[in-house]
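The sequence and structure are shown first.

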Amino acid sequence: MELQDLYGAFAAHGLDDEDLDDAAVLVPPVKLPAESELAEQAKAVAMFGYALALARWAAPHRAVDEFGDLVEEDRPAAARLLGLAPAEGEVPEEAEVEALRAWSLACDLDLVELGTTAAGEHVAVPGPDLEPAEQGDPDTVLELWLTAAGIVRELAVEADSLPEEETETEAEGEDEDGLNEVEEARDAAAELLDEALQVLYETTAFAEPGNETVPLGVLAALLVVPEGEEPSEELLGDITDVMVALDPMLGDLAELGLLDYRPIDPELFDEEEGEEPALVGEAPLDEEESARFGLVRLTPLGQYGIRQWLLEDGYDAPLVGELAQGDAAELLRGVCESANVLPEEELKVWVAGREPLAAARELLAAARGADGYAPLRRMLSVSALDLLGPGAEPAVREVLDDPELGGAARAWLAAQGASDVPVPDRAMALWTVVDTFAAQLLDSGGDTELLRELITDLPVNGDPAAWFGELWRVDHPYTADVLEAIGELHPDRALAKEARKAAFKARSRN
C-alpha cells in the first residue's frame, strides 16, 4: 500500500492550492444548525447522556467515597442504569469502569454537587443545571457540552500522547529531565491536536456537502507536507508518525460527538516487537483499503465546539449568513468589506424567502455609487439577481438607461435569454468595460492568471491605439488602474504598450 496514494486524495476532496493557502491565513465561515438542534445532538451523545442520567439517579442524594466516586456497592447499579450491563447477573468490570467515567464527567460538569453531611457522610446531590439541561435549554446544554468537550480534549492529550516510559518517570518524580520531557511531549501533542482540529474545521468549511470525510492520511499530510511540495520518503515517515499520534486522540474526541471517526485498522500494524507499523506498502489503494488507514469527519457539534475555541483564542471565525441579516445595502457593504467571507453563500441566505421583484429593486439601488467598492457591489448584485431568477426582470428593465447599471442590466437580460435587449451606446459600453474589469480586480485578490485570461478577451477589435484612445477618457474612478493592469499583464506586447500609454494619459488627466 502506498501512503503517497492517500496524500493524492487532496484532489478528491476539492482542496486545491488556493483553498489551502487561504485556509492558512483566514478561518473560513461555516454553516451551523440552530442552537436548539445542536443541543439535541449534544444530548444524544452517549457519554453526555450517561452523565445526565447519573445526575438524575443521584436524587435526592447518593453516597460517595472521600474522592467523590461512587461507592463500590452502587457501581453495578449505575452500569445497569446506563444499559452497559444486563439487568440480571454479573456486571462486567469494563461496564463499571464506563459508569465511573460517566459519573466523573457529571461531577466535572457540576451536574452533581459533592458535600458532607453533619454525620460526616460523603454524598452527592443533583446540581442546579441538571433540570434545564434535561429540558433541553440550548444555552445550558451547549455550555455543559462545550465544557465536557474541553475536558475530553485535555484528557486525550494527557492519556494518549505520552510514551509508557515517560509516564513511569513522571510517576517516580525523581528525574527532572524526564519530567521536562513529559511536559514537552504533552505540549507537542496538544499543539498537534489543535492544528489537526483547525485544519479539519477549515477543510469541512470548503468541502462540498457529502464530502466532509477526510482520510487520516490526508489530514496528516496537510499538517506535515509544505505547501506545493510532494511528500518525500522522509515526509511519508513523518505522515505515518502523525497518523499514529492522532489516532487515539481523535478516538477520544469522537466519544463526545466532536467527530465521526474510523480508527486505523489494527491489522495494519505488525505486532512483532520492535517493528514499525506497516502503513506503507506497494499495492495501490482502493477506497476500502484507504479507509483502513482511518477516516475522520467533523460533526456539526464539532464545528460548533472548535469555533468556540477559535473565538476564545482571538480568531475571527464567522458564520455563514452573519452578513445577510440586514437590507441590501448592508449585505453588499458587508461582503465587500470582509476579507473572511464566502460571498455566494451570503447572497443565498439573503435572497432566500424574499419576493424577487422587491429584492431586485433593493439590490440595484444599493449597487449605485462611485466609491472604492462600487464596482464590486455591482458585480455582487448581478450574482444575487441570478439567484432571484426571472422574477427580477421587471426591476432590471427599469434601470436600462441608468449610466451605472444599464450595461450590467443589458448583459443580465441577455444571459436570461431576452431577445429585445437594446444595444448600449458607446459611452455606456466603455464605462461598463472599465467597471466590470475593476470589479474583477477588486475581487480576484491579485490572481494573475485569472486577470490575464480576462484581459485577453477584451474587445480591442484590431485597433489598440483607437480603442485605448477611447477607454482612457472614460469617467470612472478605476480607469487608470484597469489600463495599468492591462499594460502589465496582456501577452501582446504592442497592445500592452498602448494600454500603458493610455494609463499615463488617464493619470495625467486626473
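By the rule applied here, the count comes to one cavity of 30 Å³ or more. A cavity is a set of points on a 1 Å grid over the protein atoms alone where a 1.4 Å probe fits but cannot get out; points are joined across faces, edges and corners, and the volume is the space filled by probe spheres set on them. The largest cavity has a volume of about 40 Å³.

The model is predicted: local features need pLDDT of at least 70 and side-chain atom pairs count only at pLDDT 80 or more, while totals for chains, interfaces and linings use all residues. Residues are numbered from 1 along each chain as its sequence is written, and side-chain values use heavy atoms, with hydrogens and water left out.

## Cavity lining

Leu 364, Arg 378, Ser 381, Val 382, Leu 385, Leu 405, Ala 408 and Ala 409 line the largest cavity, each having an atom within 4 Å of a point. Two or more lining residues come from each of helix H18 (374-388) and helix H20 (406-415); H18 gives the most, with four residues. Helices are DSSP runs (H or I, at least four residues), as are strands (E, at least two), numbered from the N terminus.

By class, the lining has six nonpolar, one polar and one charged residues. Ala, Val, Leu, Ile, Met, Phe, Trp, Tyr, Cys and Pro count as nonpolar, Asp, Glu, Lys and Arg as charged, and the others, Gly among them, as polar.

## Strand pairing

Three strands form an open antiparallel sheet in the order S4-S6-S5. Strand S4 (214-215) and strand S5 (259-262) stand at the edges with a single partner strand each, so one side of each is left without a neighbour in the sheet. Pairing requires at least two DSSP bridges between two strands.

Four bridges join S5 to the antiparallel strand S6 (residues 295-298). Asp 260 has Arg 297 as its bridge partner in S6.

Key:
1 Å grid on protein atoms, 1.4 Å probe; cavity = no way out; pocket = protein on both sides within 12 Å on 5 of 7 lines; lining within 4 Å.
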